[in-house]
Amino acid sequence: MNAGTQLKKLFIAQLKTMFREKAVWFWNLFFPVILMVLFMVIFGGGGDGGDFKAKVALVKPTSSTASDSLEAGLRKIPVFEWKSEQAVDSDQADSWVKGKDVDAAIVLPENGNGGDIRLIVNAENESNATTQAIRGILDRYVQEASFAAAGIEPAYRLQTSSVSSGSKDISSAEFLLTGMISLSIAQAGLFGMVDMVEIRRSGLLKRLRMTPMRMGLYGLGGMMVRFVLSFVQIVLLTVIGVFGFGANLNLNLPVLIIAFFIGVLAFNALGYLISSFSKSLESYMGVANITSFLMMFISGVFFATSTLPDWLKPVTRVLPLTYFVEGMRDGMVYGSGLFNAAFWSGIGILTLWGAAAFSLGALIYRKAKVEVR
Amino acid sequence: MTILEVKNLRKYFGDVKAVQDISFTVEAGEVFTIIGPNGAGKTTTLEMIEGLQPPDIGSITIAGLSWGKDESEIKTRIGVQPQSSALFDLLTAEENLDLFASFYPKRKSTAEVLEMINLTEHRNKRVKSLSGGQRQRLAIGLAMINDPQVIFLDEPTTGLDPQARRNIWDIILQLKQLGATIILTTHYMEEAEKLSDRVCIVDQGTVISLDTPAALIGKLTREREVRLSFFDGEDAAARTEQALRDRQEIVRMERDSANLTLWSPEPEQALYGLLGFTKEHGYRVEHVSIREMSLEDVFIAFTGKEWRD
C-alpha cells in the first residue's frame, strides 16, 4: 500500500485512540476550561476592572453650609457605598467599624467650617488595599475641597492612562485567555507523549516494527492528531473567553499560526524527550508534572513576568513557555505584525528548545533500540 | 522446500550466553515447535529470526532472503504473534485488522480473518473489552492478515483456560491445513505433541534434540512403567513383589502398601508372568496400567529439568 493510504489509516487510528480516551477529554479540554473559568472569575475577568467598592459611614458632628457641601461632594464619589443615607453619630460609626459592617467611617470637622477630616478604620485592616484606596481617594478629595475653599486653581493635575505595545489595552480576560490557551497546548504536548511509553511497555512498538510500515509515518500521523487536539483546545477556550468573559481579540493570523505551529512542535518534542528516558508511566508523569509545574507559574501564564522577583526573572527568560505565551499573545491580542524582532527571537528560542529536545530524544531512542532485548 | 534456515546462531548479552549455537531448517507447510525451560534462549532465537535483533554470528534465511539485504521484503512475508498480545486497545477488532492490513502490499480480507479467528460476532468490540482468549485470537489474526508464508506464534495459549486454548489449537490446525508454515513456542507439552510436525528442544542456548514427537519419545529408554494395585491389600502386594524379584524382564520394582510399580523393557512379558502368579494364588488385581511415554518425559530426560520451573 502506498505511503499516503498508510498515513491516512495511521492518522485515523490514532485520532480514534486519542478521542476514545476519557482522560484526554478531561485533562486536555475539560480541565483547562474549568481552570480558565475559575481564574477569570477570581481575577474579575469581566473586563472593565471598575468593580471596586468601599462601604463607608459618614459622621457629621455639626450641620453647616460648609459641612453640607462636603457631605454632598463625598456622596458623589462613585466607589463609596454608604451604609446609611443620613449621617450618624460617632458611637454608631465606631461600632460599625469594629463590627466590620463598614470598611471605614469618615468624620467631618467638629466646628463645621474648617479643621481635620478624620478617617476611622478597623486596626486589623489598617494596611490593607481597601483602606489604602479609601485613604487615597479621601486625601485627593480633601485637597480639592481645600483648593476650592481657598479659590485656588491647581497648576498640575494627574491624568492616568495605560500603555501597551498593541493597539488596545489588554484586560485580565485577554491575558488569562491567551495564557490558558498556551498552557493547555504546552501541557498537551508535555503529557501527550505518554503514549510512546505505553506502546513501548505493552510491546506494541515492537509489534509495529515487525511490519513493513515505516515508523516515521506512525510518528507523523501522531503529530497530526496532536495538532487536531491543540486546534480544538484553542477554538474551545477562545469561544468561552470571548463569549463568556468578553475578551477582545486582535488577531494576526500569520503570527498566530507560526506561534501555534512552532509551539505545538516544541512542546511535543519535550514530551518525546521525556518519553525517551522514562521506563514507566509513573516516571513519565512525574517528570512531565515537575516540568509543567515549574513553568506554569513563572512563564507569564496567569500573571505578567514583570511582577516576579528580580532573581527569578532570568529563569523565565530561558523557559520555552514564556516565549510560547508571548508569541500567542502577539498573534491573538497585541496584534503586532510579522515585523517584530521580539516575536522572532522568541520563536527562535522556542525552535531551539524543540530541536534540541527532539534530537536528544531520538538519540536516546536509537541507543535504547540497540540495547533492546 | 526449505522455507527457513537457521545456521549457527549465537547471541551474548555481556556475560549472559543467551544463545550459543542453534541451527535448524523448517520445511514449507510444517508446524515446527521450539520448547525449552525458561531462559533456554527460545525468545532470543525467535526474535533473531523475526529480525528484532541481529545475531552475533550465524545466518538466517527466510524463503531465500536474508535480513541484511531484504528486510522489508521479509517483513511482508512473515506474520508474528508476540508473547504479549500488543494491540491498539481503544480500536475495535476490525479496526485493528484493517490498520495492520494497510501496512502490507498483499492482504487477506478482514471478514475472512475474522471468521477464521472466530471473532466475527465481536468485530465491533474494542480490544479493551475482549476476553484474554479473544485478544489472543485477534493477535493471531493480525499475524495472518498479510497472508504470510511463515507465521510465528510465541506462546499463544499461555495463561488461557482449557476451552480458550482448544479454540486456538483449532485455528492453528486450520492454518496448517491451508498450507501455512508455523513456528510455535509453547509451555504446554500436550500442545506441542498435538500440533507439531517436529519438535526442537532447546536448553542453555543449544539444540538438544530435534525430531517428530513420536520419534523423540521413541528415543527415550525403552523401559516402560507398569502399575498395579491389589484388591487383597498389602500382604498380596508384598508376596507378589517377593516372587517376581528374580524375573529377568523386570529391571526394577517399587511398592507402596498395596500398589506395585515395576519397570520393564518388555512390559507384556512382565505382565504375563505377573498375572500368572496372581491367578495361581488367587489374588485379585484392582487396577493395571502401562504408562504412555509423553513428550514431557522426553523433555525431562533430555534437559534434566521439570517442565515448569
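Modeller: A helix here is a DSSP run of H or I of at least four residues, and a strand is a run of E of at least two, both numbered from the N terminus. The expected span of a helix is 1.5 Å times one less than its number of residues. The model is predicted, so local features need pLDDT of at least 70 and side-chain atom pairs count only at pLDDT 80 or more, while totals for chains, interfaces and linings use all residues. Residues are numbered from 1 along each chain as its sequence is written, and chains are lettered from A and ligands numbered from 1 in the order in which they are written.

I take helix α1 of chain A, residues 3-20. Its 18 residues should span 26 Å at 1.5 Å a residue, and the end C-alpha atoms lie 25 Å apart, which agrees.

Next, burial. A residue is buried if 20 or more other C-beta atoms, placed from the backbone, lie within 10 Å of its own; 12 or fewer makes it exposed, and anything in between partly exposed. In α1(A) the buried residues are A:Q6, A:K9, A:L10, A:A13 and A:Q14. They cover an arc of only 120° around the axis (from the directions between helix axis and C-beta atoms), so they sit on the same side of α1(A). An α-helix has 3.6 residues a turn, so residues three or four places apart point the same way. The exposed residues A:G4 and A:T5 are on the face of α1(A) turned away from its buried side.

What does the buried side of α1(A) pack against? Two helices: α9 of chain A and α3 of chain B.

Helix α9 of chain A covers residues 215-245 and contains A:V225. A:V225 has 22 other C-beta atoms within 10 Å, so it is buried. Leaving out residues up to four places away in sequence, A:V225 touches A:F11, A:Q14, A:L15 and A:M18; contact means C-beta atoms, placed from the backbone, within 7 Å. A:F19 is 206 residues from A:V225 along the chain, yet their C-alpha atoms are separated by 9.7 Å.

Now the other partner. Chain B puts 21 residues in contact with 21 residues of chain A.

Finally, the chain as a whole. Chain A has 14 helices and 4 strands. Its radius of gyration, taken over C-alpha atoms, is 29 Å, well over the 21 Å of the globule rule for 373 residues, so chain A is more spread out than a compact globule. That rule is 2.2 Å times the number of residues to the power 0.38. The C-alpha atoms fill a box of roughly 100 × 45 × 40 Å along the principal axes. By an automatic or database assignment, chain A divides into domain 1 (3-46 + 171-371) and domain 2 (54-150). Their C-alpha centres are 53 Å apart. Of the 373 residues of chain A, 33% are buried.
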